[in-house]
Amino acid sequence: MSISAPVAPSVPKTIRQATVLAVCCTAVVMANVDTTAVNVALPAIGRGLDGSVAGAQWVVAAYTLTLACLLTLSGSLADRIGRRTIFQIGLAIFAMSSLACSLAPSIGWLVAFRVLQAVGGSMLTPVAMAIISAVFTEPGQRVRAIGIWSGSIGIGMAAGPVIGGLLVETIGWEAVFWINVPIAATALALTFLVVPQSKSERPRALDPVGQLLVIGVLGLLVFAIIEGPHRGWLAPETLGSFAGSAVCLAALLRYAPRHPHPLIDLRVFRSVPFTGAFVIAILAFAAMGGFLFLNTFYLQEIRHDSPLVAGLALVPMAAAMFVFGPMSGRIVASRGARSALSTGAVVATAAAAVLTLTFDGSANLLLLIGYAMFGAGIGLIYTPITATAVAGLPPAQAGVAASLASTSRQIGQSLGVAVIGSLIASHPGALTSAAAFRLPAHLGWLTITGLCAAALVAARISTAPKAVRTRF
């Protein structure tokens, strides 16, 4: 790894390190606040731009899907071109696209700008981690810095619903995007002043064919799931998209092993713990993405809560994630990932099962307790996913493991929004009548329960002694 001198070498090292950490944390908080705040704003966006349920799905899925496709590529570009350079480009794109989102004249344009926003976002999270690792060279300092940086993710998720609800209620849905502009601009200026340039001495080769195949697999699959209820599940576009996704997957499975430096090295999936972590992340974050989408519309369209009240109702979930995320790290350190993953999956499954039966009752306290339990379960799962993925591969491939773990979370959120949104869209009048909403909501909660239960099964299988022996 090579590191160039910082732009402002006269700044004391400790202050420069603290500022670099603050900039990286700010970028992560901004990206996570944006994700959860936009969820709260979806009903207002739909009314303001005359959008459908599918439009709301695309507003969320376009962002998470693009992130899933580009995280690995952005990390590779940063290693090759320079991490500070890519980080600055990401901040600039995020700021400009956020402003464009606030000015979008239609749902279609908003979705297009969300894709551009995700292009910038993909250059923030993985690159920020690499910058922190390059700046904090002492092992103890690096661990503490990464811990603070990881905790900022929970802060962003906890703050997002309240900030989003407050902005939508007092100003309008456009403000959810406006707020990113000054934050990103400030981070961009500080990056120029204090963040040193760094590159990898041996950057990974780019794999454009593999990148296109990954986009084909995920993009066509999500398109088919979201558009199926509207175009018809047997419509040529829907069936063609499912078939195209399968063809791209088959081509990727054939192509990747023959490429000397593939975008995704399929050999890593021979490690059962790593594969388990990848699958658990998809399942758990599909449940979380579906949870946010389902409850946003339930709280605002069916219960007629204001955006701020709806945002406050989601705080127990986000706050529990913030509290139990670090706790799971201590459980992993003392008892191993198996305990944390299993406990989290059990709690999340129990919460989803209870909410399946009680979400539409009159007991608001029970609803909030269920939200908190669900957040606690997902929080307990969050940290062990990366720890298990990294432990499943050799130390030299820790970056690859962490990158694919992050990608799997975004894949999960995209699929969760697509599936749960399609259940709602398949029932006419679901967003205008509490009676019509009840069936798709129950089906949605049952789906979320099944995803959490499947995560539990995957956790038990992938952390069993026999599975652990397959690690590289």
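**Cavities and cores**

Tutor: Ala454 counts as partly exposed because its relative accessibility is 30%, where buried means under 20% relative accessible area, exposed over 50%, and partly exposed in between, with a 1.4 Å probe and protein chains only. Ala454 lies in helix 17, residues 434-462, helices being DSSP runs of H or I of at least four residues, numbered from the N terminus. Between Ala454 and Ser403 there are 51 residues in sequence and 23 Å in space, C-alpha to C-alpha.

This is a predicted model, in which local features need pLDDT of at least 70 and side-chain atom pairs count only at pLDDT 80 or more, while totals for chains, interfaces and linings use all residues. Residues are numbered from 1 along each chain as its sequence is written, and side-chain values use heavy atoms, with hydrogens and water left out.

Now to the empty spaces. Rolling a probe the size of a water molecule over the atoms shows where empty space is left. A cavity is a set of points, on a 1 Å grid over the protein atoms alone, where a 1.4 Å probe fits but cannot get out, and its lining residues have an atom within 4 Å of a point. A volume is the space filled by probe spheres set on the points, which are joined across faces, edges and corners.

Searching the whole structure gives two cavities of 30 Å³ or more. The largest cavity, with a volume of about 50 Å³, is lined by Ala68, Cys69, Thr72, Val214, Leu263, Ile264, Leu404 and Thr407. Two or more residues of that lining come from each of helix 2 (53-81) and helix 16 (398-425), and helix 2 gives the largest share, three residues. By class, the lining of the largest cavity holds six nonpolar, two polar and no charged residues, where Ala, Val, Leu, Ile, Met, Phe, Trp, Tyr, Cys and Pro count as nonpolar, Asp, Glu, Lys and Arg as charged, and the others, Gly among them, as polar.

The second largest cavity has a volume of about 40 Å³, and its lining consists of Thr72, Ser76, Arg204, Ala205, Leu206, Asp207, His261, Pro262 and Leu263. That lining divides into four nonpolar, three polar and two charged residues.

As for the packing, a nonpolar core is a set of buried Ala, Val, Leu, Ile, Met, Phe, Trp, Tyr and Cys residues joined through side-chain atoms within 4.5 Å. Of the 103 residues in the largest such core, Phe291, Tyr371, Phe374, Phe437 and Ile448 touch the most other members, and helix 11 (residues 272-302) supplies the largest share, 19 residues.

Terms used
On a 1 Å grid over the protein atoms alone, a cavity is a set of points where a 1.4 Å probe fits but cannot get out, and a pocket is an open set with protein on both sides within 12 Å along at least five of seven lines; lining residues have an atom within 4 Å of a point.
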